[in-house]
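Please study the sequence and the model shown here before reading on.

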Amino acid sequence: MKVSTKWLSDYITLEIAPQELAEKIERTAVEVDEVTRLSTGLKKIVVGFTKEVTQHPESDHLHLCQVDVGEAEPLQIVCGAPNITAGKKVIVALPNSRIAGNVKIKRGKLRGELSEGMICSLQEIGFAEGVVPKEFAEGIYFLPDDAHVGEPVFDYLGMNEDVIDLDVTPNRADMLSMRGTAYELAAIYNKKLTLHHPAPMTENPAEVSAYIKPTAAPELASTYLMRVIKDVTVKPSPQWLQTRLWNAGIRPTNNLVDVTNYILLDYGQPLHAFDQDKLVGKNIQVRLAKPGEKLITLDEQERELRTTDIVIADEAGPVALAGTMGGLRTAVGPNTTTVVLESAVFDSSAIRKTARRHNLHSEASMRFERGINRATVAEALDAAAQLIAQLGDGTVVGGRAVATKEEVNSVSVAISLKKINDVLGTKLSMETVKDIFTRLDFTVSVSAAGQFEVQIPPHRWDISIPADLIEEVARIYGYDNLPATLPKGELTPGHYTYKQSVLRAARRLLEEAGLTQAISYGLTTHEKAAQFMMEASEETKLAFPMSSDRTTVRMNLISGLLDDIAYNTARKVNNVALYEQGRVFYRSAGNVRPREVEHLAGAMTGLFRNDTWYGAKQPVDFYLLKGIVEHLLNSLGVKDVQFKTATGHEEMHPGRTADIYAADKFLGFLGEVHPNICKEYALKATYVFELDLQQIIELPKKQAVYTPVSRYPEITRDVALAVDQEVENAAIVDFINAKSGKYLVNVELFDVYEGAHIAPGKKSLAYKLTYQDENTTLSDEVVTADFEKVMTKVKSEFNAEIR
């Protein structure tokens, strides 16, 4: 919100330097982006009069202009503007002047002709392109006829006004208007506020009903009013109005449109003007859009409406998106003679959704979303109607067309002096606090018990609870005046929750194993989100994604890690080991919001260890990854971990993938990524795992208990078994552990062999069985007996042959 100090002076007298005023606003109300004055750094720019304009003899687009600048003789200036003509008041930069960008203008020759200065456009003296009237956007600007030749142009163009650019927060939408800002400054500086109100108008509903008959549902528009102004003439706005608009950052258009923007800035009340001759029928309805309806808005874009969009419709269909943008069909144009003016309060939630859906964030929609002063809806309408009639030489039709009109009352909030002082740590008196409320234009009464009963006027709709009043007292009293105290409270030792401990332990264990943490985007494509999933889920898409690569929330971590590995390998980093701990988002059918689940994933490719003089290189493979996952789960205390042949993972290698279970709980999977997927990412063989960390956190854990090292020796037995190739090592190990006696402490596979001396369809698995008794030395006879008993059962169970 750009606030002109000159405009403010219409309502409040403040003899304060602009920088000081801005600093006070920032410390008390809202942030200030900057304080500007367009004339700063400019000099010797005056009003000129083009007495004569002729064609340049050496150019087909340049002109020789004889310009009166109030000196004894006119200056000759060469000008290339396409709209230059004689008999106009123009902006002239004299020789040795300074224009925008600190550019110095000198006497010189252009195509052999003397040029004593420069005839300027608004852009050349510092105006933004977006505020220059369209008819002057490609040429020079014509000043009003009453501008005095030879005088500086700054006062005529409002360039000597200081403009404070406020960064208004959503909770202070009352400051999105000049009057709201004036209320705030009157409270801060304890000044008298003088507001101007429109003169009383003739109320004759029968007269206005001959032109328009609006209807509206209160839940869509709690207030909806219209007025009609007839016999208007569309023409440029007077200079004072154009100046106020472009200093506020709005481009002047014509007297009808400019008045609606002026009232928007003054009252904070959005208005919209319709050309009455372009409306079909008298009946105007505020309603929800119907299925399949479309509207071409003022920006000439055709928009497909949804049934949640509030529209203004005539008898032929929608003519405006309520509170957002008008329609092109009924737009005010050069030939408009009868104007229908709308002033309303629309449902803020619906306006916000419409503005976001259609990407139409206008000045009007911003105010409707954040709230407007409901007490001045009718007053703003009357003020606009009177000003349009004045500037357009028209007549306001008697009567105000009313579709809905809500009753607006003050809000009552009670609070005690003790509560205010306790929260702020102050010792303010009853008189001081009462004075602050009075300065804020609140009506206040005090009970004998020291209780304030405060009536909040409609122009401060952001205040509704006692905490709001405490904030107002703190602001106006001055944050700098509040006492500084240290917080009090019982100190308690900080510690991690169990979940936090598990998360940190998981990250530490993987980093100790040689993996590096990665952080991937939580948003990805539809295709990547649906890969590597551990459970069935509906996808969750964004309504307004940042890009086509970030449309869907992720349902796995692996696809993000593959993106990271692909990024590294594309830059010649071939040995990569990454992990990520984060959340995935699963959504059940019928639910709007997804369920967040903690996951842990890793991805490795290339070499785990390079070839050195003290050790051979170690490539990443299935067993290396399985060992890392086993170490992780064992260290976290997960009991009964099992690895089973996996099925159903389309993105994984069909023969090199395992599902991970703890008893009957599915925890995740690990294995090699399918070659087709690797090809898509331009990767060599890559191995990944993903675990449901939430399941791991919730599982019962085995406690690590210290066991003294046995003083008695171990006895080992080695055996090689020839079994069918379909037999799994895990099945044999589990069987041996289950059928052996109490002295077996470990079973280890140390060799796998296929080839010569092994029958076709067979493989050789070699095991080392370790026996130990914690209380005595075992004899060979006891170990041999147990070993032979188990081997007999293994041969029978697995059709094995001892080699």
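A surface patch is made of residues with over 30% relative accessible area and no salt bridge, in which like charges are joined within 9 Å and nonpolar side chains (Val, Leu, Ile, Met, Phe, Trp, Tyr) within 5 Å. Accessible areas come from the Shrake-Rupley method with a 1.4 Å probe, and for residues only the protein chains shown count as cover. Lys and Arg count as positive, Asp and Glu as negative, while His and the chain ends are not counted. The place of a charge is taken as NZ of Lys, CZ of Arg, CG of Asp or CD of Glu.

The structure is a predicted model, in which local features need pLDDT of at least 70 and side-chain atom pairs count only at pLDDT 80 or more, whereas totals for chains, interfaces and linings use all residues. Residues are numbered from 1 along each chain as its sequence is written, and side-chain values use heavy atoms, with hydrogens and water left out.

On the surface, a patch of positive charge is formed by Lys 43, Lys 44, Lys 104 and Lys 106. Of these residues, Lys 44 belongs to strand E3 (residues 43-55); helices (H or I, at least four residues) and strands (E, at least two) are DSSP runs numbered from the N terminus. Lys 44 has a relative accessible area of 39% and is therefore partly exposed, since buried means under 20%, exposed over 50%, and partly exposed in between (1.4 Å probe, protein chains only).

Opposite charges may also pair. A salt bridge is a side-chain nitrogen of Lys or Arg within 4 Å of a carboxyl oxygen of Asp or Glu, and by this rule the count comes to 38 salt bridges. In one of them, Asp 382 pairs with Arg 227, their closest N and O atoms being 2.6 Å apart. Because Asp 382 lies in helix H9 (residues 377-391) and Arg 227 in strand E14 (residues 221-230), the pair ties together parts that are 155 residues apart in sequence. Both Asp 382 and Arg 227 are buried.

Another salt bridge joins Arg 367 and Glu 363 (2.7 Å, N to O). Both residues lie in helix H8 (residues 363-370), 4 residues apart, about one turn of the helix. Arg 367 counts as buried at 1% relative accessibility, whereas Glu 363 counts as partly exposed at 39%.

Finally, Arg 172, Asp 174, Glu 184, Arg 460, Asp 462, Glu 472 and Arg 475 are linked by salt bridges into a network.
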